[in-house]
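Hi,

Here is the structure I promised to hand over. Have a look first, and my notes follow below.

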Amino acid sequence: MTVQIQPKKKAQNLSSLQRARLEYSPQYPSILEDVSILDFKPDGKISLDDEIAKIFPHLHTGVLESIVLGEPIDHPLKIGVVLSGGQAPGGHNVISGIFDACKKVHPDSELIGFLDGPKGIIDNQWCEITQDFLKVFRNQGGFDSIGSGRVKIESEEQLLSALRTVQEHKLDGLVIIGGDDSNTNAAFLSEFFLEHGCSTSVVGIPKTIDGDLQNQFIEISFGFDTACRTYSEIIGNLERDAISAKKYYYFIKLMGRAASHITLECALQTHPNLTFIGEELLKEHKSLWQVIQEIADLIVLRKKEGKEYGIILIPEGIIEFLSDVQLLISELNVLLHANEDLIQRQDRIERVEQLLSLSAASLFSSFPEKIQSQLLLDRDPHGNIQVSKIETERLLMQMTAKELEKRKQEGEWDGTFSPQAFFCGYEGRSALPSNFDCNYAYSLGRLACALIGRKKTGFIASILNLSQPVLAWKPVVVPLPCMMHFEARKGVMKAVIKKTLLDCDGKLFCEFLKNRTAWKLEDSYTQPGPIQFYGSSELTDKPVFTVQSKSVSSV
């Protein structure tokens, strides 16, 4: 049953800056000006795992396509769009780009938004997206226009519900704006639709602030630029406070569950005293004890320089990169899966300690009780620990305090340790998007419309050359399956889009390595300040270092 919902008008209590941003006209590559004449043709093959290819027999899984000019499309398009997963600045501009492009193809084209994420497709809850509806969302942060959600479309029943929905609406295309999991779902949806004779195209859009949805065809996902600028402003402000008060150590945890892209970017933007990169810790098989020693060593050295303050950056998923904690979490996952009632028990902590191996139990018992409880929280939909709910910054603070107390008793240190914890997290997900993200997201929306106009399905829209001026950006379309590999999910191997971890041999990390030793003792702090929307292009349009480091692609 279809449920059309009339969206509530967004309250007109916009700030002066929000109102000014509504007037911003996003830039985009000139080739995306008139998407009605864009067509696509096969342009070479790409390597693809044979087992992945077998899962998608109806898709053109191993063929890249290039943009060519074709006969104009002169009929209306009807497109559905869904926001999936966590927020990322620029989502509303993707929708705006789709809307403007399809209306230019034909004024009678329609765009509908499925509400509250993929659940809206399953339950067929939607609203019509009109010019009047969009006028208060253009260039704004958040996903509040149509909402988002983390429900996945993967069971046979869910897939059939989605099929019924798109057929009832007679959609030419469905655009899924999401991260690696959401675009994995897009691949399976497109295959399922083709298998059942449905002509609705499914197109993915790369979205996540974490920056782990990148490869040779996706330089970065939209939202990363804005999130890193937002966090860097906060870090820079805290650095200035630290050097002013001269008595605090700030332990700052940054978003990025599986990868440390945000942490590295913010370190390059702000020059903190110590930065942990999860992928480096993994490569060097570092333990939690070694991390604590490194922090304590820094504090002792800075005390000798007369400095009892500093800035320490910590990636959100750090504990999953540490060798000893990895083993502990692995054992906990098995225990909790086999004993579902364990977390409900009054004596769960004591019982867990009895069931763990000797080394895992010893580590677990060394944690503060609050951290122990957080490690036993319900797992996420993939069966993974919810690292964002674990206060790792406080864990490191408390364990460092113990180590420093020990060193004080042994006469190795006689200073004062005043730590403060911060989590730079959700405030970066819905900030007003930078000009870069406004332009990038809007361009992706226009490209998605072009794909749907030519009945292309199972592709992700992408743009290369992002380090260059907008007019030099290069739109590309990539088959979703070519980005997939097999990964264990709840003990079962599944085909999913591969997350990209930080490259410890990449030039961005090498640049960090050249500077971090000096940053430890010197106060080389840099205060980037807030995102700039107006002024010189050096301030407003220059992307973050992660994007600047990308060489101009030859694809």
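Predicted model: local features only at pLDDT ≥ 70, side-chain atom pairs only at ≥ 80, totals over all residues.

Which charged end sits over the ring of Phe 423? That would be Lys 253, with its charged end 4.4 Å from the ring centre. A charge sits over a ring here if NZ of Lys or CZ of Arg is within 6 Å of the ring centre and within 35 degrees of the ring normal. Arg 21 does this too, with its charged end over the ring of Tyr 24 and 4.6 Å from the centre.

Before the rest, some housekeeping. Residues are numbered from 1 along each chain as its sequence is written, and side-chain values use heavy atoms, with hydrogens and water left out.

On to the aromatics. Rings of Phe, Tyr and Trp (its six-membered ring) pair if their centres lie within 6.5 Å; planes under 30 degrees apart are stacked, over 60 edge-to-face, and the rest tilted. That rule gives 14 aromatic pairs. Take Tyr 28 and Tyr 442: their centres are 5.7 Å apart and their planes at 40°, so this pair is tilted. It joins distant parts of the chain, 414 residues apart, with Tyr 28 in the loop between helix H1 (16–22) and strand S2 (38–45) and Tyr 442 in helix H17 (residues 435–453). (Helices are DSSP runs of H or I with at least four residues, strands are E runs of at least two, numbered from the N terminus.) Tyr 28 is buried at 18% relative accessible area, and Tyr 442 is buried at 6%. Buried means under 20%, exposed over 50%, and partly exposed in between, using a 1.4 Å probe and protein chains only. There is also an aromatic cluster made of Tyr 248, Tyr 250 and Phe 422.

Now the cysteines. With a disulfide taken as two cysteine sulfur atoms within 2.5 Å, the whole structure has zero. For Cys 228, the nearest cysteine sulfur is that of Cys 266, 4.7 Å away, and Cys 228 is buried at 0%. Cys 510 is partly exposed at 34%; its sulfur is 9.2 Å from the closest one, in Cys 504, which is too far for a bond.

Last, the backbone. Most residues other than glycine have a negative phi. Lys 170 has a positive phi of about 55°, lies in the loop between helix H6 (156–169) and strand S7 (173–178), and is exposed at 69%.

Cheers
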